[in-house]
Amino acid sequence: MRKNIIVLAMALLCVANFSKAQSVVIEDFTITCGESMTVTLDLNNSQLDLTAFEFILTLPEGLTLDAENCKLTNRYQGRLVVGKPEENVYKLCGFSGNLDVITGKSGALIELPVTASTTFRGGTATLTEGYLISTNRQRYDVVDSETEVSFHLMPGQLLGDVNNDGIVNVTDVMLTVNYVVGQTPAGFVEANADMNADGTITVTDVIAIVNIAVSGN
């Protein structure tokens, strides 16, 4: 009886380890505000008969995916379909009518062109609810993963410098206050005023600019 329990435990352990052998990840990356770049979704797999997949990709605020120009790498000859069920959320589905399989055991599977807004301030992208299907219809779930996305300011960009004169001072504070109350100051640079990158310019941003103007940092 004890021997049977040990054998069963070992079998379950093997299954657990095997289920973790399929993983997808987007490596951490840095992008410049206002620019585009292509990152890759990498698949590491022990199975060699995988013929379909589905993943949910959620991007941080200010980072968008060019769904129409996503494409598969030469690891897979199937078809890629990208949906957008809600803002910042994308469903990536791959399948093959001929049951073509994903070749190799590691490397890039999908090329993902992304664009950062001028107010992008970094964040975390997540891959969730992922699974792969084999040619015999066996499902392999994929462990969720996270990607840290950092940002560079645009060349010459200085946060808080809303009039773009190269310094942050009381003038920038007053111009931002005027903008918040509904005025449209000439030469006002919204991207430099949205200090917390939430897509709106409010008194919270004014306070952040005051702090910079006072501290000189």
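In this predicted model, Lys91 and Glu54 form a salt bridge through their side chains, with an N to O distance of 3.7 Å. Lys91 belongs to strand β8, which spans residues 89–95, and Glu54 to strand β4, which spans residues 50–58. The two partners are 37 residues apart in sequence, so the contact ties together separate parts of the chain. Lys91 is partly exposed, at a relative accessible area of 32%. Glu54 is buried, because its relative accessibility of 19% falls under the 20% cut-off.

A salt bridge also joins the side chains of Glu111 and Lys71, at 3.8 Å from N to O. Glu111 sits in strand β9 (residues 108–116). Lys71 sits in strand β6 (residues 71–72). Glu111 counts as partly exposed, with 27% relative accessibility. Lys71 is likewise partly exposed, with a relative accessible area of 48%.

Glu87 and Lys84 supply another salt bridge. The N to O distance between their side chains is 3.8 Å. Glu87 is exposed, because its relative accessibility of 58% is over the 50% cut-off. Lys84 reaches 45% and counts as partly exposed. In total, the structure contains 4 salt bridges, including the Lys91–Glu54 pair, the Glu111–Lys71 pair and the Glu87–Lys84 pair.

The cysteines were examined next. The structure holds 0 disulfides. A disulfide is a covalent bond between the sulfur atoms of two cysteines. For Cys70, the closest cysteine sulfur belongs to Cys93. The two sulfur atoms are 12 Å apart, too far for a bond, because a disulfide requires sulfur atoms within 2.5 Å.

Cys70 is buried, with a relative accessible area of 10%. Cys33 is buried as well, at 1%. Both values are under the 20% cut-off, so both residues fall in the buried class.

Methods. Residues numbered from 1 in each chain as written. Predicted model: local features only at pLDDT ≥ 70, side-chain atom pairs only at ≥ 80, totals over all residues. Heavy atoms only, no water. Buried < 20%, exposed > 50% of the residue type's maximum accessible area, 1.4 Å probe, protein only. Helix = DSSP H or I, 4+ residues; strand = E, 2+ residues; numbered from the N terminus.
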